[in-house]
Amino acid sequence: MIIDTVSSMAQGNLRTPGAARKVADVSYVGPDFEPPRPPRRPLRGPLTVAVAALVPGALVGWLVWQTVGDSGGDAQASPSSSSWGRPPTPGASDDGKEQPGDSGGTGDSEKPGGSPSASAPAGSGPLKGKVVVIDPGHNPGNFQHTSEINQQVNIGTNSKECDTTGTATNEGYTEAKFTLDVARRMRTVLEKEGATVKFTQDGDRSWGPCVDERAEIGNKADADAVVSIHADGAGAGNRGFHVILPGSVHSGAADTRPIVASSRELGERVAGGFLRVTGSAPSNYIGGGTGLDVRKDLGGLNLSTVPKVFIECGNMRDSKDAAQLTSSAWRQKAAQGISEGIVSFLHG
């Protein structure tokens with residue numbers, strides 16, 4: 001998610017993926033801050049209607065692909081009216097988010113500026129030579145370092161908290177644990193495809209990194225794709241996933257203009273893969289039923305110079321979504337779906 005208890009909480013043509021092969025079947029609340037609190041406007045009709053409405057504009061390509069065998073914000077967000085089947089609108093509204101989570105964790109650095117988690121040697125496969133950075137939202141130890149994560153960092157447009165604790169289910173399963181588990185499952189899938197996978201943190205530091213450093217890690221790796229994993233912390237009854245895309249920002253140290261289009265493409269692929277594999281419906285409270293939200297207030301997106309998106313896999317505070325998020329089998333599907341979206345994007 002991108003919001004919750006301690007601190008402040010994606011538009012383009014979806015090209016039909018080519019004849020690439022399917023990923024091996026292995027196996028915050030939000031990104032930078034608290035999750036935005038848009039008006040609750042549930043989808044009209046049952047969720048199945050929402051999914052059906054997406055098929056003509058977005059899922060046709062995914063169905064073809066499957067047949068062929070291819071593979072936190074503290075600021076209020078403006079729900080986007082984007083859809084997977086429409087070209088991007090220049091200067092679209094806001095972009096990503098992050099949330100509070102908790103749970104203890106150990107780390108080797110008391111500073112937010114430690115080294116990013118080491119990547120495993122790249123293997124052979126269709127993604128050999130590609131670099132993917134996975135950003136597990138929040139850190140299990142953040143809640144023990146509130147003064148450090150509350151320090152202000154420059155996100156280009158203004159200053160924001162270094163990070164947040166993330167959210168948690170009503171039973172205490174934290175977002176930080178969820179994101180790290182999904183990220184590790186993704187690493188297994190993507191490395192089998194030959195990609196070099198790097199983490200912003202792997203439970204190997206006591207807190208952080210801050211949102212600006214998370215962006216820097218992807219930039220320094222010259223990543224081909226960066227995905228930040230999160231789970232939301234909205235109210236009960238708010239359900240579904242959404243992918244956060246960077247809006248066009250050009251201010252101070254932030255200039256997302258070169259990556260807006262590629263990030264949208266990445267986000268659409270990730271959303272399509274996630275929907276297809278998990279069967280989860282797009283959010284009924286953010287993105288107008290498209291499963292995409294554009295934001296300009298997240299440092300992790302504003303400071304990125306490489307294609308990057310956030311995904312809120314579900315709402316931890318809704319009992320039905322929470323039942324999925326706490327399921328190991330469902331988390332494997334989530335990791336598979338996100339990974340297939342990344343593979344599709346990298347295959348072009």
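This is a predicted model: local features need pLDDT of at least 70, side-chain atom pairs count only at pLDDT 80 or more; totals for chains, interfaces and linings use all residues.
Trainee: What is the mean pLDDT of the protein chain?

Mentor: The mean pLDDT is 75, and 65% of the residues reach 70 or more; pLDDT is the predictor's confidence in each residue, from 0 to 100. Over residues 2-115 the pLDDT is below 50, although this stretch has 506 contacts in the model beyond near neighbours in sequence, where contact means heavy atoms within 4.5 Å.

Trainee: Why does Ala261 count as exposed?

Mentor: Exposed means over 50% relative accessible area, buried means under 20%, and partly exposed lies in between, with a 1.4 Å probe and protein chains only. Ala261 has 57% relative accessibility, so it counts as exposed. This residue lies in helix α5, a helix that is mostly covered, with 15 of its 19 residues buried.

Trainee: What makes β1 a mostly covered strand?

Mentor: Six of the six residues of β1 are buried. Both faces are covered, with Val131, Val133 and Asp135 on one side and Val132, Ile134 and Pro136 on the other. As a general point, the side chains of a regular strand alternate between the two faces of the sheet.

Trainee: Which strand runs parallel to strand β1 and is joined to it by five bridges?

Mentor: That strand is β5 (residues 225-232), joined in this way to β1 (residues 131-136), and two strands are said to pair if DSSP finds at least two bridges between them. In β5, Val226 is the bridge partner of Val133, and Ile229 is the bridge partner of Pro136. β1 also pairs with β4, again in the parallel sense, over four bridges, and there Val131 stands opposite Thr196.

Trainee: What is the order of the six strands in the open sheet?

Mentor: The order is β4-β1-β5-β10-β6-β9, with mixed pairing. β4 (196-199) and β9 (292-295) are called edge strands because each pairs on one side only. The twist averages 25° from one strand to the next. Helix α4 (residues 211-220) packs on this sheet, touching β1, β4, β5 and β10 (308-315), and its direction makes about 170° with that of β1; such angles run from 0 to 180 degrees between N-to-C directions, with axes fitted to C-alpha atoms, for helices over the stretch in contact.

Trainee: How many residues does the largest nonpolar core have?

Mentor: The largest core has 40 residues, and Phe178, Leu190, Ile229, Ile338 and Ile342 have the most contacts inside it. A nonpolar core is a set of buried Ala, Val, Leu, Ile, Met, Phe, Trp, Tyr and Cys residues joined through side-chain atoms within 4.5 Å. Helix α8 (residues 328-347) gives the largest share, eight residues. A second, separate core of seven residues includes Ile149, Trp207, Cys210 and Val211.

Trainee: Why does His138 count as buried?

Mentor: His138 has 0% relative accessibility, so it counts as buried. It lies in the loop between β1 and α2 (146-149), and its phi is near 70°, a positive value in a residue other than glycine.

Trainee: What makes Asp222 an exposed residue?

Mentor: Asp222 has a relative accessible area of 58%, and therefore it is exposed. Asp222 lies in the loop between α4 and β5, and it has a positive phi of about 50° although it is not a glycine.

Trainee: Which peptide bond is cis, with omega near 10°?

Mentor: The cis bond is the one from Gly208 to Pro209, and Pro209 has its place in the loop between β4 and α4.

Note on methods. Residues are numbered from 1 along each chain as its sequence is written. Side-chain values use heavy atoms; hydrogens and water are left out. Helices (H or I, at least four residues) and strands (E, at least two) are DSSP runs, numbered from the N terminus.
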